Amino acid sequence: MSEILLEARHLTREFPAGKGRMVHAVTDVSLQIREGETLALVGESGCGKSTLGRMLIRLLEPTEGEILFRGTEITGLSAREFRPFRRQMQMIFQDPYASLDPRMSVRSIIAEPLKTWNLCRDREAVTERVLELMEATGVSGEMLHRYPHQFSGGQRQRIGIARAIAAEPSLIVCDEPVSALDVSVQNQILNLLKKLQKTRNLTYLFISHDLSVVRHISDRTAVMFLGKICETGDTETVYTRPRHPYTRFLLNAVPRPDPRRRETGGELLAGELPSPVNPPPGCRFHTRCPFATEECRRTDPPLRETDGRLVACHHPV
Amino acid sequence: MEQNTLEISHLTVSFPTDRGGFRPVNDVSLTVRKGQIVGLVGESGCGKSMTARAVMGLIRSPGKVTGGQILLEGKDLLALNGKEMRSLRGNELAMVFQDPMTSLNPVVPVGKQVEEAILLHRRVSREEARKRTLEAFRNVGISEAEKRSRSYPHELSGGLRQRVMIAMAMVCCPRLLIADEPTTALDVIMEAQILQLMRQMRDRGTSILFISHNLGVIAQLCDYTCVMYAGRIAEQGDTRELFERPVHPYTRGLLGAVSSLDRKGEELETIRGSVPAPGSLPAGCPFGPRCGLCDETCRGACPEPREISPGHIVRCFHAGEVPV
Amino acid sequence: MKNRQKELAELHQRRLEDGNGPVSAFRADLFRMFRKNRAAALSVLVILLLILAAVFAPVLTPYSYDDMDLGNRLSPPSAAHLLGTDEGGRDILTRLLYGARISLLIGVVPTVVSILIGAALGTIAGWRGGITDTVIMRLADIVLAFPSMLLAMVIMFTLGDGLVNVFLTLALLNWAAVARVVRAETLRLKNTEYIEAARAIGVSGPVMLLRHILPNCLPTLIVLFTLNVPAAILTESSLSFLGMGIQPPSASWGLMVNAGKNYLYSAPWICAAPGLIIMVAVLAFNFLGDGLRDALDPHQKNR
Amino acid sequence: MKRFFAVLICLCLLGSCAAAAGAEDGLLRTAVKYDITTMDVAKTSDDYLIPMNVFDRLFETRLVNGNPSVEKSLCTDYTVSADGLTYDFTIRGGVVFSNGSALTASDVQYTFERLLKINKQNTDIAVEVSGSDKVLKGEAETLSGFTVKDDTHFSVTLTEPNAGFPAELSSPAMSIVDRETMSAGFGTVPAETIGSGPYVVKEWAVNDHYTLEYNSKYWGTAPSVKKLIVSVVADDSVQNMKFLSGELDMIDLQNQDSAIVASTYKMDPKYSSRIVSTRKVGMYFLALNNTSGALSNTKVRRAVAMAVDVDDLIRNLYNGDAIRETGAIPTGIWGHNADLKPVAFDPEGAKALLKEAGYSEGQIRFEIALDSSVPSTVANMCYAVSSRLKAVGIAAEVKTYEHAAWLEKRSSGTMECFVARWGMDYNDPANILYTFFGTEEKTRQRSINYQDKDIIARVAKARAIVDDSARLAEYRALENKLIGEDMAWVPLLQDMHLYCLGDRVESFTPHWAGFADFYAADVVLKK
Amino acid sequence: MKKKLLSRLGQSLIALLGVALLLFLMLRVVPGNPAAVMMGEHGDNAAIARMTAELGLDQPILTQFFRYIGDCFTGNFGTSYSLSKPVAELMGGAFLNTLWLALAAALFAWILGIACGVIAAVRKNGILDHLFMGVSLMGVSIPVFLTAMILQYFIAFRLHWLPIAGMDGWKSFILPAIALGWNSAGSVARLVRSTLLDILQEDYIDTARAKGRSQLGVLVFHALRNAMLPVVTMMALQLSGLLSGAVITETMFSINGIGRLAVQAISGRDIPLLQGTVLFSTAVVILGNLGADLLYTVLDPRIRKGGGPQ
């Protein structure tokens with residue numbers, strides 16, 4: 001078991017929603033990311049996975065809780081003290097059209113981290129390094145001086161990846177990196193990420209709502225519901241034997257690309273997502289959970305070790 | 001033989017641009033039988049949405065339909081004038097759009113917007129229209145219909161708003177419902193609920209033309225499927241047969257890419273190259289440059305649709321062959 | 001997330017059309033605008049002509065702007081005086097050319113100054129937020145609360161007449177509107193993903209403003225410039241009209257119209273020439289401004 | 001939507017041509033550039049129209065075959081004591097104010113005392129009465145030098161003899177007000193502004209117009225004009241348009257450019273016969289600061305006089321409607337010296353004189369200060385003077401000042417050179433000589449800074465010479481010294497005041513000194 | 001919603017106070033002593049000194065300012081130096097005229113502007129579109145005084161359809177209103193057109209057409225309702241433009257309004273009158289903006305009802 005790269009303890013984040021009400025985006029989340037692995041963060045939109053991802057690399061300050069990077073606490077650090085850690089963590093974004101500055105050429109986009117951390121002696125070294133990175137991410141060298149508007153969605157995502165790995169980080173948070181792409185381009189990017197993880201021993205926090213992509217790329221998976229983690233463990237274990245009712249309904253709802261195995265929709269979860277402004281007391285899923293009991297309504301179940309993974313449920317399925 | 005709900009033959013839509021113009025929909029033919037869900041699948045920019053809009057007559061200028069025929073239960077929609085077409089839209093022919101966030105008028109309560117659809121096609125009192133709206137809300141599974149109908153779009157969740165759109169489309173019991181990626185903007189659980197609703201409507205006799213880029217959704221919902229590439233239908237056939245025995249290299253590529261996601265650890269299957277820019281299609285078969293089987297004949301001319309088995313039509317000279 | 005599909009197709013088609021040279025989005029938009037929008041191209045020509053006329057005024061006319069020939073006052077256009085003479089016997093064409101210098105300077109210089117001030121304050125207010133934002137915006141509210149003419153009058157009244165004071169007045173008048181627009185733009189940019197990416201890379205605050213925020217505000221600033229210049233010319237001519245702007249004997253178009261209005265029926269050419277040229281100059285800048293806004297502003301999808 | 005828009009347009013087009021509203025007979029409509037600030041003559045030295053038409057004075061100055069003469073008005077008879085200090089007046093009996101209250105000698109006394117108490121502008125005549133300093137300082141309520149004998153008789157003792165005293169009593173400042181019914185609203189509220197003159201103030205809409213109507217209780221002959229409406233029209237071209245389209249019955253052409261007057265009124269036969277012109281008794285002169293730089297040298301001042309071509313100014317800027325002035329006492333005033341020779345226009349001579357005075361080409365530099373609120377003709381005069389002086393090597397730049405800043409610079413005594421005009425208030429040389437050369441403070445405050453101390457003393461004393469011929473000789477001598485020798489200022493011209501009469505006006509006699517304000521009673525309407 | 005309203009009100013108050021202070025300080029720094037102007041030609045320095053003391057101009061600036069603010073609240077804006085009448089009284093009458101002028105101009109501008117804007121948007125890139133947009137651009141490019149001069153000279157003087165100047169009855173307000181309104185009609189038309197074109201691209205327009213709405217129906221029931229929101233805000237901003245233009249039209253057509261009073265105050269160096277008129281106009285503009293914001297929140301349910309699921 002490789003040691004822990006990043007650990008979060010009881011992270012919470014709330015946003016003001018006017019008239020004194022608070023949106024509980026992330027509540028009391030604890031998780032660990034190990035060196036070299038890909039941890040997936042899955043859940044419906046609005047469950048707080050993006051907020052958690054940004055908090056872990058301090059693009060967003062947590063309201064409560066600490067974050068440890070390779071054992072040292074980074075939540076309390078001042079901007080200057082935190083700077084060396086900043087270089088260790090990078091991010092890849094969802095929208096290929098909005099994540100690249102339209103006014104900068106590809107060269108200056110990829111060179112920006114190199115210049116910020118002055119990793120190259122002079123201009124030629126920078127250009128050379130950029131060409132290397134472009135080559136590594138499958139973007140042709142002649143397009144060095146082109147501008148983002150002259151590339152397709154897939155190519156722009158590759159440039160985003162090149163920029164992220166330029167500073168040689170150890171952790172990359174990928175926020176829905178392939179959701180905006182078509183399936184054929186999506187597979188190319190996923191293959192690229194897998195290759196780079198091996199060659200540059202990177203660790204990924206992979207945020208997505210697409211369960212089939214997550215199953216392929218991740219080693220471990222954490223499922224989030226309304227700001228809390230309800231189940232986390234090895235991806236295969238979670239996918240083959242989901243023990244938290246919500247995970248089961250979630251996996252069940254995924255439309256499998258095989259016309260032969262059609263559900264009759266028996267185990268379909270009804271109802272609406274409750275509002276994060278005043279989440280239900282006790283277990284947040286109890287209002288929609290068919291197995292909810294009085295105990296679920298009163299106490300919020302902590303993550304407990306069951307059947308080789310952690311589940312936050314009084315009556316695991 | 002029972003009357004087909006929708007018959008599209010050789011439909012072509014073209015957009016003039018300062019460089020000669022391009023055709024997002026190019027010689028498309030497909031049929032939707034009564035009570036059948038036909039899927040229209042393909043990657044972004046393949047023309048599936050444009051085909052749907054052509055049927056509804058909602059193509060924005062400067063684009064226009066430049067060829068082909070669209071028969072709704074025998075009536076050619078392209079021959080109708082503005083007024084006749086308007087009397088069909090929302091009545092016999094309805095459409096649901098992709099993004100529930102922006103498809104409802106933000107400053108009008110949702111109930112009113114549905115009532116508007118009724119009052120446009122049925123000579124009924126306002127009170128009756130109100131009753132039918134609440135009735136429609138309940139049919140699409142909206143709880144507390146009374147309270148919801150008075151609220152504004154921004155006060156409802158994505159799923160609820162899409163149900164309102166469906167209620168609005170179904171309130172005049174249309175012969176054909178066109179759904180342009182209705183679940184793309186929704187989460188997987190909400191998507192499942194909407195698909196369930198679609199199945200119930202199909203069982204009640206509504207024919208549906210369902211547009212999506214998600215092969216999983218097509219597999220679970222559609223009886224018959226057409227795969228589009230660069231403005232043409234590359235392959236169409238019964239969904240089960242298409243998924244088991246795809247013959248067009250592009251369909252194979254797509255299905256291979258999706259199914260490889262389930263095989264852990266291996267490298268994912270991809271289709272080399274990228275979708276050609278609409279203005280600059282390659283000569284001959286549009287998929288040529290990305291196809292393993294491509295040879296002189298493919299580069300020479302664009303293959304015509306061929307029926308290789310009942311209901312299974314493909315546009316490819318080497319359909320079914322396996323690259324060596 | 002998924003509704004980007006439709007957007008993607010549309011943009012995909014429009015953007016890739018642009019040929020393959022190392023053309024920045026900025027220049028590509030400009031190039032396409034001039035090809036399509038003839039009015040904008042024509043107005044650039046008119047503006048160039050005006051600038052040339054202003055610069056080469058001494059060469060183009062034998063007289064100086066304040067030569068008085070009391071002998072033939074109010075004489076109609078003739079060979080000696082192509083556009084006639086005014087009430088002081090001065091040659092109108094000459095005053096028009098020299099007036100072009102002042103009116104164009106008045107149009108350009110204070111606008112540049114107000115855009116610099118406005119952009120700086122706008123970006124800082126938008127980027128830093130909190131009290132700085134409130135202070136700057138309340139200051140802008142105060143300036144914007146004044147009807148522009150009244151504020152201009154009070155400033156001219158306080159500082160006295162003369163060219164420099166007109167510059168100061170127009171600069172003070174416009175910075176608030178610019179600051180408000182730039183602040184809104186900065187707030188919009190702040191939430192874009194490429195700014196978040198830059199923060200993730202560890203780019204420092206000032207670098208962020210200079211390399212990312214300002215270049216992306218450039219199209220807005222250019223559009224603001226081309227629309228504020230004519231507004232400045234109009235304000236100056238109105239001020240001169242009320243006798244508070246440029247003082248004689250120097251010539252500005254507004255002043256000439258003001259001086260000529262008493263002779264409207266006996267010597268209409270005194271008013272006609274400057275009045276017409278004000279309109280032509282302002283129209284040219286407005287057409288150019290419209291053209292640039294349509295071409296450069298990414299949010300104008302529907303022209 | 002489109003229909004509504006069409007209706008709006010034809011509504012405008014259909015607007016009835018209301019322009020030439022039916023003007024009832026006996027009505028006179030005129031316009032002024034700026035509204036009056038007050039109706040109380042004690043508080044203003046500009047707005048004289050209402051005082052002249054609504055109040056009476058002891059004397060009136062009238063033009064008698066071209067020369068101003070002081071005629072008795074309220075005062076029927078008066079005698080002067082031997083030492084010229086005490087005047088015994090008899091006033092007309094039975095005169096009443098417009099509210100019926102009788103006009104008596106005590107009202108005249110009250111008028112004098114009120115001027116001192118409100119101590120605003122017009123104190124310089126009342127100050128001459130002995131005992132005025134105490135009233136001014138508030139130490140006394142009544143004027144010791146003013147004794148009322150009975151309702152129609154009173155006598156006034158001056159601090160020092162002043163032969164021009166009766167002429168001064170005809171100036172608008174000395175309008176008689178009523179002691180009994182004086183109230184706070186006097187001067188601002190039309191109903192409380194009570195006078196004994198031919199008209200009463202009907203209404204005053206500030207900044208828009210004021211209306212005077214015939215005072216039925218007036219003691220004098222009933223005037224032809226029964227109702228006068230004066231509207232405020234700031235824009236000269238609008239005034240022209242209103243007159244030409246018949247909305248005004250009379251127009252004051254003072255502010256119009258002579259070229260317009262020529263092309264619009266003189267050349268047009270319909271109007272050329274209806275132009276009335278009168279001398280604007282006063283004069284334009286080029287003031288030279290006798291202490292500032294090169295201008296302190298008399299030769300330089302004379303050279304300036306020789307460099308300016310006044311006839312060219314009259315021909316081009318005034319279209320001939322002006323006469324050349326030669327001295328310090330303007331034409332039309334008692335004491336004017338008609339045979340003073342004007343300085344010949346001689347640029348070469350001026351250059352020689354400058355060289356003689358030791359100044360080379362371009363060495364002399366000074367600023368001609370121009371008040372931005374003056375009419376365009378005066379501004380053009382400054383530019384013309386400036387270009388004439390440049391021709392002889394004097395760099396005189398025209399600099400424009402805002403009105404208040406111009407006033408402040410002039411009264412600080414530092415203004416180097418400016419074109420100034422003085423309009424005579426009453427028919428006596430002292431009105432101009434004493435004001436500009438009466439004391440060192442006065443000449444400094446007018447930025448003339450005349451240096452000859454004993455001449456200044458003589459000017460002050462000349463006022464006290466009772467015998468007319470002796471006083472005339474003294475003023476003539478002083479004028480020769482001030483202008484002839486010292487060239488304290490460069491006399492320019494006296495312009496004419498032109499009016500044009502509308503088709504409803506038969507005839508009009510303007511104010512004797514060419515004031516813009518006029519007696520409505522002097523206008524005769526066609527029947 | 002309440003909290004937002006209060007903060008908006010607070011902002012307006014601060015702006016008003018700021019305006020008053022800025023104005024007060026600027027006017028104190030002005031060269032030239034108003035007392036000297038009042039005394040005119042004849043006043044000698046002693047009389048001027050008396051007048052200065054009487055007007056309280058010799059006290060320290062701050063005390064003058066607070067006394068002035070105190071007076072303002074009691075409606076006493078001081079007495080005008082040049083017209084020697086209470087400023088409040090002068091402004092009372094004048095404000096009504098400016099109000100009528102501004103309203104007439106606004107009515108003309110908005111009716112013409114909205115009509116042209118809608119027609120131009122509907123007939124996008126047609127002849128009407130180019131015609132109306134060309135005319136609107138002309139409207140925005142012509143200085144107000146030029147339009148006023150042309151209208152006054154041709155329509156009033158040459159054709160005698162309307163009175164040249166002065167204030168006798170509503171007919172004398174037509175020409176100034178058109179001269180003033182013409183400029184803002186141009187900008188209203190351009191805004192309505194661009195807003196409408198943006199809205200016609202929205203998805204809910206397609207939904208409405210999919211329901212079977214006719215082009216006109218879509219325009220009236222869906223597009224215009226949403227287009228009115230930005231137009232309402234624009235109307236408030238127009239207010240400050242109208243007051244600006246009023247200064248010139250009032251001088252040209254000699255309408256006794258706030259604008260002309262301000263011009264007179266400037267030439268007469270009449271500080272209380274200038275202060276009163278400018279303060280009054282800015283207060284009107286601030287109120288206008290406040291009104292527009294409130295109207296906006298009422299019209300737009302997204303703000304009025306706030307909240308929403310996410």
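Predicted model: local features only at pLDDT ≥ 70, side-chain atom pairs only at ≥ 80, totals over all residues.
## Interface of chain A and chain B

The contact between these two chains involves 38 residues of chain A and 41 residues of chain B. About 3,400 Å² is buried between chain A and chain B, and carbon and sulfur atoms give 56% of that area.

On the side of chain A that touches chain B, two or more residues come from each of helix 6 (183–199), helix 7 (211–217) and helix 9 (245–253) of chain A. Helix 6 of chain A provides the largest share of that side, seven residues.

## Interface of chain E and chain C

Eight pairs of chains touch, and the most contacts among them are between chains C and E. Here 47 residues of chain E are in contact with 39 residues of chain C. The area buried between chain E and chain C is about 4,000 Å², with carbon and sulfur atoms giving 78% of it. Ser141(E), Phe145(E) and Ile266(E) supply 14% of the area that chain E buries against chain C, more than any other three residues.

Between chain E and chain C the count is one salt bridge, and four residue pairs are in polar contact, both residues at pLDDT 80 or more. Arg190(E) forms a salt bridge with Asp290(C), and the closest N and O atoms of the two are 2.7 Å apart. Several helices of chain E each supply at least two residues of the side that touches chain C, among them helix 6 (127–141), helix 7 (144–158), helix 8 (174–200) and helix 10 (215–252). Helix 1 of chain E gives the most to this side, with nine residues.

## Chain E and its domains

Chain E has 13 helices and zero strands. Its C-alpha atoms fill a box of roughly 85 × 60 × 30 Å along the principal axes. The chain is divided into domain 1 (15–73) and domain 2 (91–304), and the C-alpha centres of the two domains of chain E lie 36 Å apart. Their contact takes 15 residues from domain 1 of chain E and eleven residues from domain 2 of chain E.

The two domains of chain E bury about 1,200 Å² between them, of which carbon and sulfur atoms give 77%. Between domain 1 and domain 2 of chain E there are zero salt bridges and zero residue pairs in polar contact with both residues at pLDDT 80 or more. Helix 1 (2–28), helix 2 (34–39) and helix 4 (61–73) of chain E each supply at least two residues of the side of domain 1 that touches domain 2. Helix 1 of chain E gives the most to that side, with eight residues. Helix 1 of chain E also gives the most to the side of chain E that touches chain C.

## A sheet in chain B

Chain B contains an open sheet of eight strands in the order 6-7-8-3-9-10-12-11, with mixed pairing. Strand 6 (93–96) and strand 11 (306–309) of chain B are the edge strands, each pairing on one side only. From one strand to the next, the twist averages 20 degrees.

Within this part of chain B, strand 7 (residues 176–180) and strand 8 (residues 207–212) run parallel and are joined by five bridges. Ser207(B), in strand 8 of chain B, is the bridge partner of Leu176(B). Helix 1 (residues 48–56) of chain B lies across strand 3 (37–41), strand 6, strand 7, strand 8 and strand 9 (224–229) of chain B, and runs at about 145 degrees to strand 6 of chain B.

## Salt bridges and separated chains

Over all chains, the count comes to 77 salt bridges. One of them pairs Arg87(A) with Glu168(A), whose closest N and O atoms are 3.3 Å apart. Arg87(A) lies in helix 2 (residues 79–88) of chain A and Glu168(A) in the loop between helix 5 (153–166) and strand 7 (171–175) of chain A, so the pair ties together parts that are 81 residues apart in sequence.

Some chains do not touch. No contact joins chain A and chain D, and their closest C-alpha atoms lie 41 Å apart. Chain B and chain D likewise have no contact, with closest C-alpha atoms 23 Å apart.

Note on methods
Residues numbered from 1 in each chain as written. Chains lettered and ligands numbered in written order. Heavy atoms only, no water. Pairing = 2+ DSSP bridges. Helix = DSSP H or I, 4+ residues; strand = E, 2+ residues; numbered from the N terminus. Axes fitted to C-alpha atoms, helices over the stretch in contact; angles between N-to-C directions. Contact = heavy atoms within 4.5 Å. Domains from an automatic or database assignment. Buried area = accessible area lost by both parts, 1.4 Å probe. Salt bridge = Lys/Arg side-chain N within 4 Å of Asp/Glu carboxyl O. Polar contact = N/O pair within 3.5 Å; in protein donor to acceptor, adjacent residues only side chain to side chain.
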